[in-house]
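Here are a few exercises on aromatic rings and helix packing. Grab the structure, try each task, then check the worked solution.

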Amino acid sequence: MSIAQAAPVSQEERIVLLDSLRGIAILGILLMNIPGFALPDPVHHDPSVLNEWGTGNYKAWYYIDWILEGSQRALFSMLFGAGIILFVSRQERKTEGLWPADYFFRRQLWLLVFGLFNAFVLLWFWDILFQYACFGMLAFTFRRLAPKGLFIAAFISLVLMTVRENVDAYRDYKMIAKGEAIAKIDTTVTKLTDKQKEELGAMTEMKEKSTLKEKKKKMEKGLALVRGNYSEFYRYQSNRSFEGEIFFTYFGIWDILVFLFLGMAFYKSGIITGQAPVRTYLILCITGLGLGLLLSYFRLQPLIVHKFNGFEIMKRPHFEFYEISRTFRSIGIFGLIMLLYKSGWFKWFFALLRPVGQMAFTNYLMQSFLVGLFFYGVGFGMYGKLSRFEMYYVVAGTWLLQIIWSHLWLRFFRFGPLEWCWRSLTYWKRQPFVK
C-alpha cells in the first residue's frame with residue numbers, strides 16, 4: 001500500500017447514520033450553548049439573578065437543565081470517539097507504517113488550531129474543539145482495546161470524574177467550616193494568626209460572591225463589557241476563553257474521556273452504527289432516562305431550595321453526582337434516538353439532518369460566528385436583551401438556516417468549506433472540492 005492512497009473518506013464510504021447523529025448533536029449543542037451567547041454570567045445558569053421564579057423563563061431553564069443539560073455534548077463526544085476508530089482504521093487499510101498515526105496526529109493538531117481560533121478570534125468561551133484535540137490524542141492510544149476494555153476505561157473515567165467532583169466539594173465544605181469556626185473567635189481576646197485570617201478571608205469571599213447583590217454586580221459588568229467597544233469586549237471575552245480552555249482542559253479530562261471511550265466502544269460493538277438489536281437500544285433508553293432523570297431531579301433540588309446560593313449549598317456535606325446523572329441521561333437520550341432510527345418511521349428526520357452532520361465542523365464554527373454576531377456588541381448587540389425563553393427563537397432560526405444551507409451547499413460541493421480545509425491540511429494536499 002502506498003502513501004498516495006491516503007485520502008479523506010469518499011461519499012460512498014460514509015456511514016449515513018453517523019452523519020445524521022452528528023447533525024442532531026450539532027444542532028442540540030446550540031440549544032445548550034445559547035445561554036452563554038445570550039445571557040451574562042451568572043444569569044445564563046442561574047435564574048435567581050433576574051427573579052425568574054414561577055415564569056416561563058424558569059420553566060425553560062428547569063426542563064432543559066433537568067432533561068438535556070450536557071447530553072448533546074456527550075453525544076458529540078461519543079461520535080468523536082467513534083470517529084477516532086473510523087479514521088485510523090481506514091488509514092491503516094490504505095497506508096503502511098506510521099502514516100496512519102502521522103495523519104491522525106496532524107489532524108488533531110489542526111483541530112487544536114481551529115479550537116484556538118474559535119476561542120480567541122470568534123471569542124466563544126465554551127469552545128470544546130481544543131479539548132477534543134488534546135484528549136483525542138490520548139484516546140488514540142486505547143484504539144486497539146476490545147469493546148469490553150473501552151467500557152471499563154469509560155467506567156474508570158466516570159469514577160475519577162465523580163471523585164474529583166466530590167474532592168472539590170469537600171474542600172469547599174472544609175474551607176467554609178474552618179472559616180465559620182474562626183469567625184466565632186473573640187478577636188478582642190485572641191489574636192488571629194495569618195493562616196486564620198487567610199482562611200476567614202476565603203470563606204468571607206465565597207459567601208459574598210454567593211449573594212444576589214454580588215451576582216447582579218457581575219451581571220452588570222458583563223453586560224457593559226460585551227456591549228462596549230471592541231477593545232473592552234475582546235479583553236473580557238478572550239480572558240473568559242483563556243480561563244475556559246485552561247479550566248476545562250484540566251478539570252474536564254475525565255468528563256470528556258467518559259464519552260470518547262463510550263463512543264469507541266459503541267462503534268466497535270456496532271451500537272452507534274445501528275447494528276445492535278432493538279432491545280439493546282430499549283435497555284439503554286429506559287435505564288438511562290429512568291435513572292438519569294431521577295438523579296438529575298435530585299441534583300437540582302439543592303440549587304432550587306437554596307436559591308442558587310453556592311455558599312449555602314457547600315456549607316453542608318453532600319455527595320456530588322452530576323457526571324453520573326449526565327452519563328445516564330446521555331445514554332438514555334442516545335438510546336431513544338436510536339429507537340427512532342430503528343423504527344423506520346423517522347427516515348425523513350435522519351435524512352433532513354444528515355447534511356448538517358456531514359458539515360458538522362463548519363456548522364459548529366458558524367454557530368459561534370452567526371450567533372455571536374447577533375448578540376455581541378460588535379454585531380447587533382442583543383446580548384442580555386432577550387429573555388431566557390425568547391433566546392430559543394434564535395436557536396430555532398439558526399437551526400432552520402443551517403439545515404437549508406447544508407442541503408444547498410452539498411448539492412454542489414463534496415465537503416463543507418471547513419471540512420475541506422481541515423482535510424487538505426491533514427493530508428497536506430488540496431482535496432477535490434466541487435462535485
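**Exercise 1.** Which residues do ring pairs link into a cluster with W53?

Solution. Keep in mind that this is a predicted model. Start at W53 and follow the ring pairs: the cluster is made up of W53, Y58, W61, Y62, Y63, W66 and F308.

**Exercise 2.** Classify the pair formed by W53 and F308, and work out what it ties together.

Solution. A ring pair is described by the distance of the centres and the angle of the planes.
- Step 1: the ring centres of W53 and F308 are 5.9 Å apart, and the planes sit at 45°.
- Step 2: planes under 30 degrees apart would count as stacked and over 60 as edge-to-face, so at 45° the pair of W53 and F308 is tilted.
- Step 3: find the two residues. W53 is in the loop between helix 1 (16-38) and helix 2 (56-67), while F308 is in the loop between helix 11 (278-305) and helix 12 (310-314), so the pair ties together parts that are 255 residues apart in sequence.
- Step 4: check accessibility. W53 has a relative accessible area of 24% and is partly exposed, whereas F308, with 8%, is buried.
- Step 5: look for a charge. The charged end of K307 sits over the ring of W53, 4.8 Å from its centre.

**Exercise 3.** Are helix 4 and helix 5 roughly parallel or antiparallel to each other?

Solution. Begin with the axes.
- Step 1: the axes of helix 4 and helix 5 (residues 129-140) come within 7 Å and cross at roughly 160°.
- Step 2: angles over 145 degrees count as roughly antiparallel, so that is how helix 4 and helix 5 run.
- Step 3: the crossing is left-handed.
- Step 4: list some contacts. Helix 4 contributes residues including F104, F105 and F114, and helix 5 contributes residues including F130, Y132 and F140.
- Step 5: R143 lies over the face of F140, at 3.9 Å from the ring centre.

Terms used
Residues numbered from 1 in each chain as written. Predicted model: local features only at pLDDT ≥ 70, side-chain atom pairs only at ≥ 80, totals over all residues. Heavy atoms only, no water. Phe/Tyr/Trp six-rings, centres within 6.5 Å; stacked < 30°, edge-to-face > 60°. Helix = DSSP H or I, 4+ residues; strand = E, 2+ residues; numbered from the N terminus. Buried < 20%, exposed > 50% of the residue type's maximum accessible area, 1.4 Å probe, protein only. Lys NZ or Arg CZ within 6 Å of the ring centre and 35° of its normal. Axes fitted to C-alpha atoms, helices over the stretch in contact; angles between N-to-C directions. Parallel < 35°, antiparallel > 145°, perpendicular 65-115°, else oblique. Left-handed = near helix turned anticlockwise from the far one by under 90°. Contact = heavy atoms within 4.5 Å.
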